Amino acid sequence: MREQFLLADDIIFLNHGSFGAIPRPVMKALQQWQEEVEKDPVYFNIWRWVEELEKVRQRLASFVGTEPSNLAFIENSTFGANTVANSLPLGEGDQVIITDWEYGACLKAWQYYSEQKGYDIHTVQMPSVFETEEELLAPLFEAISERTKVIFISHIFSPTGVIFPVKKLASFARQQGILTVIDGAHAPGQIDLNLEELGADFYFGNCHKWMLSARGAAFLYVRKEHQHLIKPPVISWGTDWESPHPVRFVAELEMQGTRDYTTFLTVGNALDFLQANDWQAVLLKAKKLISFFSQGLMDIFASGPLTHNLDFFGQMYAYPLPEDTDTEDLYRFLYQKNKIQVPITKVVGRSFVRASFQSYNEQKDYEALLMALRKYYGL
Ligand SMILES: Cc1ncc(COP(=O)(O)O)c(C=O)c1O
């Protein structure tokens, strides 16, 4: 599988999570789309993209379990967080609940709009160790008050790789009249998604991480009853009578002046790649490797894992590092001295080694990382 990717031979690449990595067939498809545009840029940019993107939207919709008309293509998850935070009718006295494991860029969007609109952000502390979904849900349920209007949370947390039980949260929040906004940056392709069953009100996710599309492809899902709320960050031709899409929020988000639609179009090629390469088997292999890696880490570090329950992980796994770890020094040691590309994440005073488990990774990659960690800590 490694030869299907363009990764350099001399690097042990254990950070698919940050920016993805594009398989050769998807890269080739991207270049072909770009050449297609150049055959007649006017025809492509006025008409053809509309029909091509519609085909891709249909496929993406069935992949993530919703109707095509609930999905707009956007460039990345950060754009999704900004769009929703800007659109919701929140003001003085309202409260948005988030957790202390959220991704910084999205958090900044909520903070920015909190200053503009006057709502408060209440940050819930996630447990330092846990074994059940209930332990992850409890601090959120306890934090809810009459002022809570929105819960914003990641489906898969960036620093820890933990998969959050979104369905249970969304159903509880709905009963209380609270909106759920889910940051699914890491979810599509990493876990099976059915947005209708999940029940969130707003959900954005990246296609350019675990679905393997070209970079700059993501989606925003909005339940029908909230679609009228969405305000596009860029005002353009989307509201015009010649709009390319009958659903207003879709047209408004997708039309932003001259832009490159080819990355969105590679979502179809990425789905072809997943189908051609038995992705269920890839996910199973990831589970086995996570089990191997987590055992190896427990043998090295007496401090223990975040959870022993490996059902909480899909294709990323994070393990807490000793308290006094100099994260930058460790990263440099792993990358510069050992050619291992792996992030050392930091969250509320703790640091973690967070490895990715992509189709191109093998057990020897994790053996190399374990050996390097032993060497670094002298264990
Ligand atoms: C949980 C989470 N949300 C949002 C993002 C931002 O994604 P993007 O850079 O595609 O906007 C990331 C990026 O890694 C992430 O981990």
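A: Helices here are DSSP runs of H or I with at least four residues (strands, E, need at least two), numbered from the N terminus. The structure is a predicted model, in which local features need pLDDT of at least 70 and side-chain atom pairs count only at pLDDT 80 or more, whereas totals for chains, interfaces and linings use all residues. Residues are numbered from 1 along each chain as its sequence is written, and side-chain values use heavy atoms, with hydrogens and water left out.

The part to start from is helix 3, which spans residues 41-64 and holds Tyr43. Tyr43 counts as partly exposed because its relative accessibility is 37%, the classes being buried under 20%, exposed over 50% and partly exposed in between, with a 1.4 Å probe and protein chains only. Together with Val42, Ile46 and Trp47, Tyr43 forms a nonpolar patch on the surface with about 430 Å² of accessible area; such a patch joins nonpolar side chains within 5 Å (like charges within 9 Å), from residues with over 30% relative accessible area and no salt bridge.

Further along helix 3, Arg57 and Glu54 are 3 residues apart, which means that about one helical turn separates them. They form a salt bridge whose closest N and O atoms are 3.0 Å apart, the term requiring a side-chain nitrogen of Lys or Arg within 4 Å of a carboxyl oxygen of Asp or Glu.

The whole structure has 20 salt bridges, and another of them pairs Glu133 with Lys168, with 2.7 Å between the closest N and O atoms. Because Glu133 lies in helix 6 (residues 133-143) and Lys168 in helix 7 (residues 166-175), this pair ties together parts 35 residues apart in sequence. Lys168, partly exposed at 39% relative accessibility, also meets the side chain of Glu134 in a salt bridge, at 3.2 Å from N to O. Glu134 belongs to helix 6, so this second pair links parts that are 34 residues apart in sequence. Salt bridges with shared partners also join Glu36, Lys39, Arg48, Glu52 and Lys55 into one network.

The C-alpha centres of domain 1 and domain 2 are 27 Å apart, and 33 residues of domain 1 are in contact with 29 of domain 2, contact meaning heavy atoms within 4.5 Å.

Note on methods: Accessible areas come from the Shrake-Rupley method with a 1.4 Å probe; for residues, only the protein chains shown count as cover. Domain bounds come from an automatic or database domain assignment.
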